[in-house]
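Hello,

Here is the structure I promised to pass on to you. Have a look at it first, and then read on for what turned up in it.

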Amino acid sequence: TAAKNLKNLKKIFLSNCKKIGKIAMKGLSKCQNLRLLDLNNCIKVDDNSILHICEGYYWPGIHTIYLSGTKVTDIGVEWIANGLVNAVKLPTVTTLSVKGTSVTSAALKSVQHRFRCSHFLRDNTFFGFYPVHRADEKKMIDDFMTLIHGVVRTQALCRGASDRLKAAIVRNEHYTKKIAGYIQALKRGNEGRKLAIFVRKTKIKQNRMATLISYSYRAYLNRKSLQIRLDQRFSIRAQLCAIRIQKIIRGWLGRKLAKQIQTTQASFLQKKIQVAILLQSMIRRYFARCDYWSRLSDQRMLTL
């Protein structure tokens with residue numbers, strides 16, 4: 001809580017403070033002028049505590065951090081490399097001591113390119129990043145060159161924006177003239193388009209009428225052809241029916257004539273039989289009379 005009121009605090013030494021933790025680091029993150037932070041052997045300082053430090057804003061920035069004997073790991077080193085940067089996103093830390101922690105050499109080497117004014121050092125007394133010769137001057141030169149590059153880029157962007165604005169003005173004038181000519185062409189061609197549309201519609205109507213007439217004529221021819229076929233079929237069927245009727249009538253007449261002939265023959269045969277019977281009876285009578293008279297004459301001859 002007291003650290004929040006010390007906004008002009010530049011250096012703070014908290015070595016061997018066993019109770020310093022993330023709450024204290026959250027308070028120290030309010031000290032915008034902080035440049036040196038000594039947390040050696042603060043056993044409660046871990047990655048979460050370093051995260052609170054990295055979330056603060058510092059000017060000109062923290063350049064020295066001692067974390068020997070703490071609980072900081074590789075994640076904390078990554079947060080320091082990417083969180084403690086200046087206004088142009090360049091790291092401000094030049095000295096980082098992590099001896100006696102869980103930080104590995106591989107983690108330090110993976111972020112070594114971020115510490116442009118430091119070199120990796122590991123011996124019996126130090127483990128971490130140590131500033132090179134005249135690191136402050138080199139960092140000032142790098143920051144100045146970065147600002148120069150930013151200014152040049154800003155000028156280039158401004159010039160590009162100005163050129164784009166001029167080009168936009170010229171393009172707008174060109175498109176204005178082009179649109180004006182296009183509108184005039186549209187106005188001039190309005191009647192032509194109307195006439196073309198009328199002609200096209202007339203042609204479409206004519207084509208439709210011609211198609212309709214063609215379909216009607218084809219339908220008429222098809223109906224006529226169908227009627228002729230039906231008439232031909234009817235005539236053929238009528239002939240076949242007439243032939244069949246003639247056959248039926250002839251058969252009926254033939255059967256009637258045959259029946260009449262059969263009836264006539266039967267009656268003639270019956271009459272013939274009757275005549276034959278009559279002749280037989282007459283002949284028998286005749287022979288019977290003759291026999292009677294002969295016998296009678298014989299008896300008379302005998303009696304005489």
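**Charges and a salt bridge**

The count of salt bridges in this protein comes to one. Please keep in mind as you read that this is a predicted model. The bridge is formed by the side chains of Asp291 and Arg295, with a distance of 3.4 Å from N to O. Where do Asp291 and Arg295 lie? Both are in helix α5 (residues 135-303), four residues apart, which is about one turn of the helix. Asp291 has 33% relative accessibility and so counts as partly exposed, while Arg295, at 53%, counts as exposed.

Another charged residue to look up is Arg122. Arg122 lies over the face of Phe127, at 4.6 Å from the ring centre.

**The overall picture**

Now zoom out. The protein has five helices and six strands. If you follow the chain along the sequence, the pattern reads β-α-β-α-β-α-β-α-β-β-α.

How does the radius of gyration of the protein compare with that of a compact globule of 304 residues? The globule would have a value near 19 Å, but the protein has 70 Å. Along the principal axes, the C-alpha atoms fill a box of roughly 215 × 80 × 35 Å. Of the 304 residues, 22% are buried. Among contacts with a separation of 6 or more, 68% are between residues 24 or more positions apart.

**Aromatic rings**

The structure holds six aromatic pairs. One of them joins Phe115 and Phe129: the ring centres are 4.4 Å apart and the planes are at 20 degrees, so this pair is stacked. Phe115 sits in the loop between α4 (105-110) and β5 (118-122), and Phe129 sits in strand β6 (residues 127-131), so the pair ties together parts that are 14 residues apart in sequence. Are these two residues buried or exposed? Both Phe115 and Phe129 are buried.

Phe129 also pairs with Phe120. Here the centres are 6.3 Å apart and the planes are at 70 degrees, so the pair is edge-to-face. The two partners can be set side by side: Phe120 has 22% relative accessibility and counts as partly exposed, whereas Phe129 has a relative accessible area of 0% and is buried. Ring pairs link Phe115, Phe120, Phe127 and Phe129 into a cluster, and Phe127 is the ring that has Arg122 over its face.

**Cysteines**

How many disulfides does the structure hold? The number is zero. Cys31 is in no disulfide, and the nearest cysteine sulfur, that of Cys17, is 15 Å away. A disulfide needs the two sulfur atoms to be within 2.5 Å. Cys31 counts as buried because its relative accessibility is 0%, and Cys42 counts as buried at 0% as well.

**A buried residue in a strand**

Ile65 lies in strand β3 (residues 64-66) and is buried, with a relative accessible area of 2%. Which residues does Ile65 touch, leaving out those up to four places away in sequence? They are Leu37, Ile80, Leu84, Val93, Thr95, Leu96 and Ser97. Leu37 is 28 residues from Ile65 along the chain, yet their C-alpha atoms are separated by 4.9 Å.

**Backbone details**

Some backbone angles deserve a look too. Most residues other than glycine have a negative phi, and most peptide bonds are trans. Against that background, a cis peptide bond joins Trp59 and Pro60, with omega at about 5 degrees. Pro60 is placed in the loop between α2 (47-54) and β3.

Asn16 has a positive phi, near 65 degrees. You will find Asn16 in the loop between β1 (11-13) and α1 (22-28), where it is partly exposed, with a relative accessible area of 46%. For Asn41, phi is also positive and near 65 degrees. Asn41 is in the loop between β2 (36-38) and α2, and is partly exposed, with a relative accessible area of 33%.

Enjoy exploring!

Best wishes

Methods
Residues numbered from 1 in each chain as written. Heavy atoms only, no water. Buried < 20%, exposed > 50% of the residue type's maximum accessible area, 1.4 Å probe, protein only. Phe/Tyr/Trp six-rings, centres within 6.5 Å; stacked < 30°, edge-to-face > 60°. Helix = DSSP H or I, 4+ residues; strand = E, 2+ residues; numbered from the N terminus. Lys NZ or Arg CZ within 6 Å of the ring centre and 35° of its normal. Salt bridge = Lys/Arg side-chain N within 4 Å of Asp/Glu carboxyl O. Rg over C-alpha atoms; globule rule 2.2 N^0.38 Å. Contact = heavy atoms within 4.5 Å.
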